Amino acid sequence: MKTAAAYIRVSDERQDEYSPDSQLKLINEYAKKNGYYVPQEYIFYDDGISAKTAKKRPEFNRMIALAKEKNNPFEAILVWKFSRFARNQEESIVYKNILRKKGVQVISISEPIIDSPFGELIERIIEWMDEYYLINLSTEVKRGMLEKASRGEAMCAPAIGYDLVGKKYVPNSRADYVKQIFKDYLNGIPMRQIAIKYSDAGLTTRKGNPLEVRTIQYMLYNPVYIGKIRWSTGDNIFSKSRNFDDPNILTVDGEHEPIIDTDTWNAVQNKLKKQKEMYGKYQRTEQPCEWMLKGLLRCGNCGSTLVKSQTNYVQCHRYNKGRDCTVSHCINIKKVDETVVAALQDCVKNCRFNIEPREEQQSVTTDYAAMIKREQTKLDRAKEAYLAGIDTVDEYKANKADITKAIAAIEKQRSETVAKKIDIKEFSKKVEEVLSIVTDSAQSTDAKNKALRSILSKVVFCKPSGTFSLFFYT
């Protein structure tokens, strides 16, 4: 009797699926009739997980890892349908080839395939149909939700300050808190203090949790407060990420009453935009600025920010924490300030600026970000092929070198395209104005830091070579 594994998966689209117990029952019946033995330890089960990709299927990955061992413990993997194994045809072919090399066969107990080249063709057609089903289901769901959003209907749970009555948002007793939060932000109160203030006043999230900085930020960006409905029209409509600048975001007039007036909304958005341009994603603007390059100076080894470690010195944050970085970048603050000022003066003198492109400055006809993403996807696949034993180390190294070179070429082309659109002389004048501020002893470190942030995206310090690289943006 041959040993087999059983793989059982139930996704979120359960309407066309047997329950896990039913799948296992059918698999056991098939095994008994066809001379297979399925031990309990070789039953692998993923619940509520899509088969679009294997990355988030822990039991599937554990099963493949066992099959790849030198003495693989089973000769076949039994599934109720091929769609349980994978609904991504490309991924299905890769994993089945890996298993075939180890002498492991994937068998669908409800889709018998004859052992011949014609049988392999039928199997590919079934896999293609499974993938088409997943794509079509996703398309239909997106289409329905987009249609609903375009009509201005409520799309999700109500934001703070609203109740959902039927299919419409209705302002509740917490709407006054929302109005005051917008006013407080415009009056210069940091988000962290706003969150503490209204949490102490009894305002909570929908789940009853105290307010956080991210809660306040989401409220300030949420157009529902001016009577709008926001919905993503791109591929990431189910994403939890909050990219408020996503061009695929649809904003339409809603059917509900606004809480915030348009003038207040526009003033808040302008302030948020300026703050975003000057400060990185995780930097806290309400903290006092201890030196003029705070948040701008980066480690040349790991890219982490350099922070104060002693009274007059800075050090790589990750190196301080003993995480990832093994190269000390300790340097005197005064030396850094003097070197950066001298570098700025040299840039102005020679009209040479290393300008990093922003997304809005990219060519309309050439999507460089998409090009880079495609190359990075190739790199991920090359790594997967190596880890799966399909490619050798040398083949992986060669592929990696070629793809890395291609990414560098695209980035160079993007940078050159942006540079052509910039008036260097005007930009040089702007840098001169910043220099006049940072070299003025009467100016505070906060003022100097804000001035530098208006032209610099980062300054990279490489300790081994003792060099500083300045990266500008317009």
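What follows looks at confidence, then a sheet, then a pair of helices.

Residues are numbered from 1 along each chain as its sequence is written, and side-chain values use heavy atoms, with hydrogens and water left out.

The score called pLDDT is the predictor's confidence in each residue, from 0 to 100. The protein averages 80, and 76% of the residues score at least 70. Over residues 236-241 the pLDDT stays under 50, and the model has seven contacts there beyond four places in sequence (contact means heavy atoms within 4.5 Å). Residues 359-365 also stay under 50, with 13 such contacts. Where pLDDT is low, the predicted coordinates should not be read in detail.

## The three-stranded sheet

Look for an open sheet with the order β10-β14-β15 and mixed pairing. Strands (E, at least two residues) and helices (H or I, at least four) are DSSP runs, numbered from the N terminus, and two strands pair if DSSP finds at least two bridges between them. β10 and β15 are the edge strands with a single partner each, so one side of each has no neighbour in the sheet. On average, neighbouring strands here are turned by 30° against each other, direction ignored.

β10 (residues 297-299) runs parallel to β14 (residues 456-462), with three bridges between them; L297 has V459 in β14 as its bridge partner. On the other pairing, β14 and β15 (residues 467-472) are antiparallel and share six bridges. There, L456 sits opposite F472, and K458 is bridged to F471. These two strands make a hairpin with four residues between them, and G466 in the turn has a positive phi of about 70°.

## Two helices side by side

How do α11 and α14 pack? Helix α11 (residues 333-350) meets helix α14 (residues 424-438) at an angle of about 150°, with their axes 10 Å apart. Axes are lines fitted to C-alpha atoms, for helices over the stretch in contact, and angles run from 0 to 180 degrees between N-to-C directions.

On the α11 side, V341, L344, Q345 and V348 touch S428, V431, E432, L435 and V438 of α14. The residues of this contact divide into six nonpolar, two polar and one charged (Ala, Val, Leu, Ile, Met, Phe, Trp, Tyr, Cys and Pro count as nonpolar, Asp, Glu, Lys and Arg as charged, and the others, Gly among them, as polar).
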